[in-house]
Amino acid sequence: MMPLPTATETFALRTHCPYCAYQCGILLGDGDGRPLGVMGDPHFPVNNGQLCIKGWTAHTLLEHPQRLLTPLVRAKATDAFQTASWDYALDLIAEKFEAIRAESGPAALGVFGSGALSNEKAYLLGKFARVALRTPNIDYNGRYCMSSAAAGANRAFGIDRGLPFPVADIAHAEVAYLAGSNCADTLPPIMQWFDLQKANGGRLIVADPRRTATARAADLHLQLNPGSDLALHNGLLAIAVEENLIDRAAIDARTTGFDAVRRTVLDYHPAHVERLTGVPEAQMRTAARWMAAAKSCMLLSGRGAEQQSKGVDTVHSLINLALALGLMGKPHSGYGCLTGQGNGQGGREHGQKADQLPGYRLIEVEADREFIAKLWGVEASALPRKGKSAFELLDALGPTGIRALLVAGSNVVVASPDSLRIESRLRSLDFLAVNDSFENETTAHAHVVLPVAQWAEEEGTMTNLEGRVIRRRVSARMPRNVRTDIQVLQGLADRLGVGEKFTFKSTEAVFAELRQATAGATADYAGITYAKIDATDGVFWPCPDEEHPGTPRMFTERFHHKDGRAKFFPVTHRAAGEEPSAEYPLTLTTGRYKEHYNSGTQTRLVSRLAAAKPSPCVQLHPRLAARHDIQAGATVVIESRRGKAEFVADVTTDVRPDVLFVPFHWGGRRAANALTNAALDPVSRMPEFKYAAVRIAAVKVTTVGAGA
Ligand code: SF4
């Protein structure tokens with residue numbers, strides 16, 4: 001098993017933020033393993049020293065008084081947690097998993113990972129599920145985040161890398177279009193590139209149902225109805241065809257399938273699209289003309305466009321537009337996705353997804369199975385097949401489905417759609433083990449909680465939203481009785497009788513095996529080494545050998561399909577999983593605050609962040625507020641077909657009169673996801689976080705407090 005870090009090791013100053021996919025470079029620590037504070041790293045070219053408030057305060061998590069410092073095991077007699085030794089806790093997990101596997105087969109075991117895990121951990125978690133547990137049922141919370149963009153890019157380009165160019169290219173785009181991204185709040189340092197773009201004479205177009213901080217910075221805000229992004233993009237392409245704005249030479253030279261798309265968008269004449277989207281025809285024509293006339297133009301999508309039950313088709317509608325305008329591979333141009341989670345990109349490349357093996361190899365492709373089986377020293381026939389996607393995995397928990405679950409770094413109770421249903425599924429488990437640094441709404445249901453290292457206490461690589469592989473370095477001393485996720489997996493693998501396949505002496509040794517596993521694959525990391533990352537500002541994959549410089553810009557000459565061409569996909573608008581009705585007349589959409597990150601497990605514990613945003617607000621239009629006699633600051637109970645939750649009223653014209661917006665960082669009675677709909681995209685299995693039919697059930701005069 002990997003040795004524990006010791007107090008004698010050297011603590012690095014340069015590392016990266018624990019939160020989002022921007023992975024800002026930060027300077028941390030005083031050289032003695034105690035974090036004094038955080039500074040933005042002025043030499044990391046993605047954030048250039050800038051941080052958001054989450055990054056500025058991240059060090060306070062390392063010595064937080066609520067930090068888990070010893071394994072916890074639920075006592076049968078009291079049903080309360082009691083402290084336990086590592087040996088006892090790991091023995092118990094291994095015994096329970098083995099007993100359930102013996103009774104119900106390996107598919108009765110499940111593993112749920114996270115887009116916050118390093119590449120090494122994501123890789124090892126996938127190997128652990130397939131080799132140590134032999135279960136097909138492993139998936140991760142990235143399925144809830146970027147999976148629709150990933151599926152769309154894979155189908156259209158043959159490869160999925162969020163941004164196919166460095167983020168600094170934004171500064172040189174004459175036009176940038178953001179579909180459903182409030183990056184001014186979710187990735188604040190990215191705005192430096194949009195500011196430069198504006199200073200260079202560029203234009204920003206934002207499509208969003210809300211007037212967000214990002215929309216306010218735009219030259220043109222298309223305030224569309226939730227769930228109508230696809231119709232809008234088809235409408236823009238229809239205008240481009242009608243006004244002869246498309247790039248016929250690029251279409252002929254580099255793509256297939258345009259004629260079917262052209263025929264499809266003929267049905268999207270502007271008046272019809274205006275009715276579907278609520279966006280005036282004149283604004284659509286302006287947007288299409290700006291995009292087509294620009295020498296360089298980027299079309300970028302965020303979760304607003306992607307977290308829909310038609311998310312993949314919506315991504316295709318944007319890619320179709322990019323291909324038809326000849327943007328792909330042109331300087332400072334093209335389609336890209338603004339990935340959300342810290343390692344959302346790497347997390348989806350290395351095998352913690354139900355259908356994938358490392359390097360974006362596919363678990364149902366025989367050649368891929370054989371390659372990985374040989375590396376892992378097992379028979380290809382022994383590797384499980386494709387398992388259940390994230391929501392389906394959680395929904396299958398219970399006596400007749402998945403009976404035991406290991407969760408690594410995900411607060412699934414807060415993060416999942418239809419969260420009350422998922423919480424009841426967790427309660428029905430025979431056994432739940434969770435690796436985390438803090439107790440949260442998910443550990444509350446666990447039988448064993450293992451305290452694991454935080455971001456600055458262990459090393460590992462992350463892949464940021466540009467596809468740049470970077471290194472987190474050990475910058476702070478790990479508490480004495482805490483272990484890394486990698487050590488946990490090694491300890492369990494030993495107890496499950498396959499320890500010899502997990503004998504890594506360091507995190508770098510795990511990365512060395514990951515490199516071998518990805519050699520020749522779509523996401524090829526074979527040429528990336530820790531030393532190479534240190535010598536540069538990170539290495540962009542694909543990077544097939546050590547002499548290769550990495551690939552900052554993709555698609556300049558060919559796409560990743562065998563014929564080198566990109567594929568158009570004809571797509572049509574369709575209704576959401578549920579539409580407003582007489583009973584539930586309003587549309588709910590969800591998103592993030594700049595002060596909090598995802599399920600809030602970490603950021604709700606940071607005093608400055610909790611003080612700035614102690615509780616969630618519902619944004620509602622003054623006309624709607626007046627109709628329900630709601631004053632700003634009142635507590636409003638929102639109800640959907642699945643549950644109810646309460647929020648503080650924020651009365652604002654930033655939302656449409658028929659739309660409510662709530663953030664999803666809280667659980668309990670303030671859980672936005674108690675309301676959301678688990679309608680899944682048929683291709684990506686992405687749940688529909690961005691669209692639910694709701695009603696205002698009650699209004700209370702007191703405001704919600706800061707407690708959970
Ligand atoms: Fe940068 Fe994201 Fe961290 Fe904010 S949360 S400092 S944007 S990496």
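Start at Thr589: beyond residues up to four places away in sequence, Thr589 touches Val659, Leu660, Phe661, Val662 and Lys690. Keep in mind that this is a predicted model. Show the secondary structure, and you will find Thr589 in strand β23, residues 586–591. Is Thr589 buried or exposed? Its relative accessibility is 8%, so Thr589 counts as buried, because the cut-off for buried is under 20%.

**Colour the domains**

Now zoom out and colour the protein chain by its domain assignment. Domain 1 takes two segments, 73–144 and 346–540. Domain 2 covers 147–337. Domain 3 covers 586–700.

Turn to the boundary of domain 2 and domain 3. Their centres, taken over C-alpha atoms, are 27 Å apart. How many residues are in contact here? On the domain 2 side there are 25, and they meet 21 residues of domain 3. Together the two domains bury about 2,000 Å² between them. Carbon and sulfur atoms account for 53% of that area. Select Arg210, Gln307 and Ser309 next. These three supply 33% of the area that domain 2 buries against domain 3, more than any other three residues.

**Strands β12 and β13**

Select residues 297–301 and 334–337. The selection shows strand β12 and strand β13. The two run parallel, joined by 4 bridges. Find Leu300 and look across to β13: Gly336 stands opposite.

Which residues of β13 point to which side? Gly334 and Gly336 are on one side, Tyr335 and Cys337 on the other. In a regular strand, side chains alternate between the two faces of the sheet. All four of these β13 residues are buried, so both faces of the strand are covered.

**Pro136 and its loop**

Go to Pro136, in the loop between α3 (119–133) and β7 (138–140). Pro136 has a relative accessible area of 17% and is therefore buried. Show what surrounds it. Leaving aside neighbours within four places in sequence, Pro136 is in contact with Ala107, Pro384, Arg385, Lys386, Gly387 and Lys388. Draw a distance from Pro136 to Leu109, C-alpha to C-alpha. The two residues are 27 residues apart along the chain, and the distance is 8.6 Å.

**The β19-β20-β21 sheet**

The last stop is an open sheet of 3 strands, in the order β19-β20-β21, with antiparallel pairing. Which strands are at the edges? They are β19 (460–463) and β21 (539–540), and each pairs on one side only. Strands of a sheet pair through backbone hydrogen bonds. Select β20, residues 468–472, beside β19: 4 bridges hold this antiparallel pair. Pick Gly460 and find its bridge partner in β20, Arg472.

Finish on Thr461, which lies in β19. Thr461 counts as buried because its relative accessibility is 0%. Its contacts, apart from neighbours within four places in sequence, include Val469, Ile470 and Arg471. Further contacts of Thr461 are Ser118, Asn119, Glu120 and Asn343. Phe511, Tyr530 and Ile533 complete the list for Thr461.

How values were computed: Residues are numbered from 1 along each chain as its sequence is written. This is a predicted model: local features need pLDDT of at least 70, side-chain atom pairs count only at pLDDT 80 or more; totals for chains, interfaces and linings use all residues. Side-chain values use heavy atoms; hydrogens and water are left out. Buried means under 20% relative accessible area, exposed over 50%, partly exposed in between (1.4 Å probe, protein chains only). Two strands pair if DSSP finds at least two bridges between them. Domain bounds come from an automatic or database domain assignment. Contact means heavy atoms within 4.5 Å. Buried area is the accessible area (1.4 Å probe) that two parts lose on being put together, summed over both.
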